[in-house]
Structures are given as structure tokens and as C-alpha cells.
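Colleague: I'm new to this one. Can you put it up and walk me through how the helices pack?

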Amino acid sequence: MSYYNAGLGDSLFSSYGNTSNSYSSNNIISDYASIKNGSYKKLLKAYYAKTKDSQSSSTSTSADDSATITKLKSSANSLKKAADKLLATGKDSLFEKKEITTKNEDGTTTTKMDYDRDAIYKAVKDFADSYNSMLDAGSSSDAKSILRDTLSMTGSAKGYSNLLSKIGITVGSNNKLSVDEDVLKSANMTTVKSALNDTLSFVGKVADKATQLERHANIEAEKANTYNQKAKFTYNYNSGNIFNSFF
């Protein structure tokens with residue numbers, strides 16, 4: 001026996017030197033032989049691989065499946081980005097006047113300081129589409145936190161519905177938003193800004209909900225992956241460090 005193997009054997013057998021221990025020397029030698037030839041290692045790996053597979057399919061504590069969670073996260077992120085674009089201030093604001101050039105009927109052009117209403121309409125339309133997608137995703141969830149935030153979001157829409165109707169945004173009976181391009185582009189810009197470009201506006205409220213929805217979707221994603229991906233061996237022998245070296 002080499003010095004290494006002798007040391008290993010001494011370490012393994014030393015804890016059983018006490019005659020009061022009921023574990024027989026034959027069993028100890030058998031275990032040692034299993035460790036040396038690798039069969040014990042294979043047995044342990046097979047056991048923990050099976051345990052891991054079982055856990056991965058049964059320990060999810062999320063109320064939603066992975067497809068629903070993925071859709072929730074994507075929809076919340078898209079809604080937040082769409083809301084942030086409307087809420088932007090300073091040089092990134094859509095509600096700052098700039099030089100707008102229009103073409104006249106006679107072929108000439110006129111340049112004046114005005115709002116870029118085409119850009120505003122596009123941003124509002126993107127926001128409405130993202131809002132509706134979030135509504136679909138939130139309604140398909142079984143997680144209480146997601147459903148609560150989605151319901152709160154629709155409540156905000158109903159609360160602002162009169163103001164929104166003045167700028168061409170309608171809250172339908174299905175709680176979804178639709179945008180009338182002509183009405184929005186011709187609306188009083190002060191009214192548009194009060195509804196869409198303030199932290200206390202409708203868009204501001206929705207942005208807050210989008211942030212909460214994204215956070216709760218991430219929590220559900222964590223719940224869906226609660227199992228331990230690296231099995232741990234619980235040592236029953238004093239020389240358990242021997243087994244640990246195999247992993």
C-alpha cells in the first residue's frame with residue numbers, strides 16, 4: 001500500500017477504533033474498497049443526479065409557468081420603456097418645441113417652432129400598444145401580486161379616462177387603450193402634457209406600475225427556480241472529507 005493509500009486507510013479506520021462501535025471491520029474494508037474502485041462515487045453521483053432531476057420538476061413555487069413569466073417580464077419592460085419615453089425631460093423630451101418644416105400646397109416649405117406631433121403620436125401609440133400587451137400578460141397570470149398590479153393599472157386608466165378622451169385616447173370596455181391620431185395631433189398641448197408628461201400624470205402612474213410588475217415578474221422567476229442545482233452530501237462518517245474529494 002502506498003503512503004497515500006495507507007494514510008487514507010488510517011484516516012478512514014481511525015474513527016472505528018473504539019470497540020464499542022457496532023460497525024464491523026469487514027464492512028469498513030468493504031466501504032474502503034468501494035471508494036478505491038470508484039463504485040461508491042458512481043453510486044453517489046447517480047443518486048444526486050436523480051434527486052436533482054426530481055427537484056427541478058417539482059419544487060417550483062411560482063404560480064405561473066415559465067412561458068407566462070417570460071411574457072410578463074418582457075411586457076413590463078416594454079411598457080416601462082414606452083412610458084419613460086413620454087416622461088423624458090430636457091433635450092430628450094418630446095414636448096419641447098423645435099423647428100418643424102412643412103410643405104405647402106404650392107410646393108413651398110414653411111419652417112416654424114412647433115411640437116413634433118408625428119413623433120408624439122408615435123410614442124403615444126407605442127405606449128398604448130405596450131399597455132395593452134401588459135394587460136394581456138397580467139390577466140393571464142395566476143400570481144396575486146401580478147393580478148393586483150394589473151388591476152391597479154386599469155383603475156388608473158379609468159380614473160383618467162375623461163382627461164384622456166380629450167386628447168384622443170379612449171379606454172375601452174375591455175380596459176384597453178386606443179388612440180385617435182387626428183384628435184391627438186390637434187389637441188391642446190398643455191392638456192396632452194398634463195396627461196402624458198408628468199410623474200403624477202396617467203403615464204407616470206403606469207410607469208410606476210410597470211416597475212412593480214417587472215419586479216414581481218422577477219420574483220416569480222426566482223420562485224420557479226428554487227431547487228438547489230448542486231447536491232450536497234451529508235457526512236455520516238468522521239472521515240467525510242474523503243467523500244468530498246470526489247465532487
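Predicted model: local features only at pLDDT ≥ 70, side-chain atom pairs only at ≥ 80, totals over all residues.

Colleague: At what angle do the axes of α4 and α10 cross?

Modeller: They cross at roughly 155°, and the axes come within 8 Å. An angle over 145° counts as roughly antiparallel. That makes α4 roughly antiparallel to α10.

Colleague: Which residues of α4 and α10 make the contact?

Modeller: From α4, the list includes Ile69, Leu72, Ala76, Leu79, Ala83 and Leu86. Lys73 and Lys80 of α4 are in the contact too. From α10, it includes Val203, Val206, Ala210, Leu213, Glu214 and Ala217.

Colleague: How many nonpolar, polar and charged residues has the contact of α4 with α10?

Modeller: There are 14 nonpolar, four polar and four charged residues.

Colleague: Let's zoom out. How many helices and strands does the protein have?

Modeller: It has 11 helices and four strands. The protein has 247 residues, and 36% of them are buried.

Colleague: What about contacts in the protein between residues 24 or more positions apart? What percentage do they account for?

Modeller: They account for 67% of the contacts with a separation of 6 or more.

Colleague: Back to helices. At what angle do α5 and α10 pack?

Modeller: About 40°, with their axes 12 Å apart. Helix α5 covers residues 117-139, and helix α10 covers residues 202-223. Angles under 35° count as roughly parallel. α5 and α10 are therefore oblique to each other. α5 passes α10 in a left-handed crossing.

Colleague: Which residues meet between α5 and α10?

Modeller: Phe127, Tyr131 and Met134 come from α5. They meet Phe202, Val203, Val206 and Leu213 of α10. By class, that contact has seven nonpolar residues, no polar ones and no charged ones.

Colleague: And α5 with α6? How far apart are their axes?

Modeller: The axes are 9 Å apart, and the two helices pack at an angle of about 145°. α5 passes α6 in a left-handed crossing.

Colleague: Which residues of α5 and α6 meet?

Modeller: On α5, they are Tyr131, Met134, Leu135, Gly138 and Ser139. On α6, they are Ile146, Leu147, Thr150, Met153, Thr154 and Ala157. The contact has seven nonpolar and four polar residues, with no charged ones.

Colleague: New topic: the largest nonpolar core. Which residues touch the most other members?

Modeller: Phe127, Ile167, Leu196 and Phe202, out of 41 residues in that core. The elements that give two or more residues to the core are α4, α5, α6, β4, α9 and α10.

Colleague: Which element gives the largest share of this core?

Modeller: α5 does, with nine residues.

Colleague: Now His216. Is His216 buried or exposed?

Modeller: Residues under 20% relative accessible area count as buried. At 10% relative accessibility, His216 is therefore buried. His216 is found in helix α10.

Colleague: What does His216 touch, not counting residues up to four places away in sequence?

Modeller: His216 touches Ser145, Ile146 and Asp149. His216 and Asp149 are 67 residues apart in sequence, and their C-alpha atoms are 9.1 Å apart.

Colleague: Where does Ser145 lie?

Modeller: Ser145 lies in helix α6, residues 144-159. Ser145 counts as buried, at 15% relative accessibility. Beyond its neighbours within four places in sequence, Ser145 is in contact with His216 and Glu220.

Colleague: One more. Where is Tyr115 found?

Modeller: In the loop between β2 and α5. Tyr115 is buried, with a relative accessible area of 16%.

Colleague: What is Tyr115 in contact with, again leaving aside neighbours within four places in sequence?

Modeller: Phe95, Glu96, Lys97, Ile100, Ile120 and Met189. The C-alpha atoms of Tyr115 and Leu94 are separated by 7.7 Å, and the two residues are 21 residues apart along the chain.

Key:
Residues numbered from 1 in each chain as written. Heavy atoms only, no water. Axes fitted to C-alpha atoms, helices over the stretch in contact; angles between N-to-C directions. Parallel < 35°, antiparallel > 145°, perpendicular 65-115°, else oblique. Left-handed = near helix turned anticlockwise from the far one by under 90°. Contact = heavy atoms within 4.5 Å. Nonpolar A, V, L, I, M, F, W, Y, C, P; charged D, E, K, R; others polar. Buried < 20%, exposed > 50% of the residue type's maximum accessible area, 1.4 Å probe, protein only. Core = buried A, V, L, I, M, F, W, Y, C linked by side-chain atoms within 4.5 Å.
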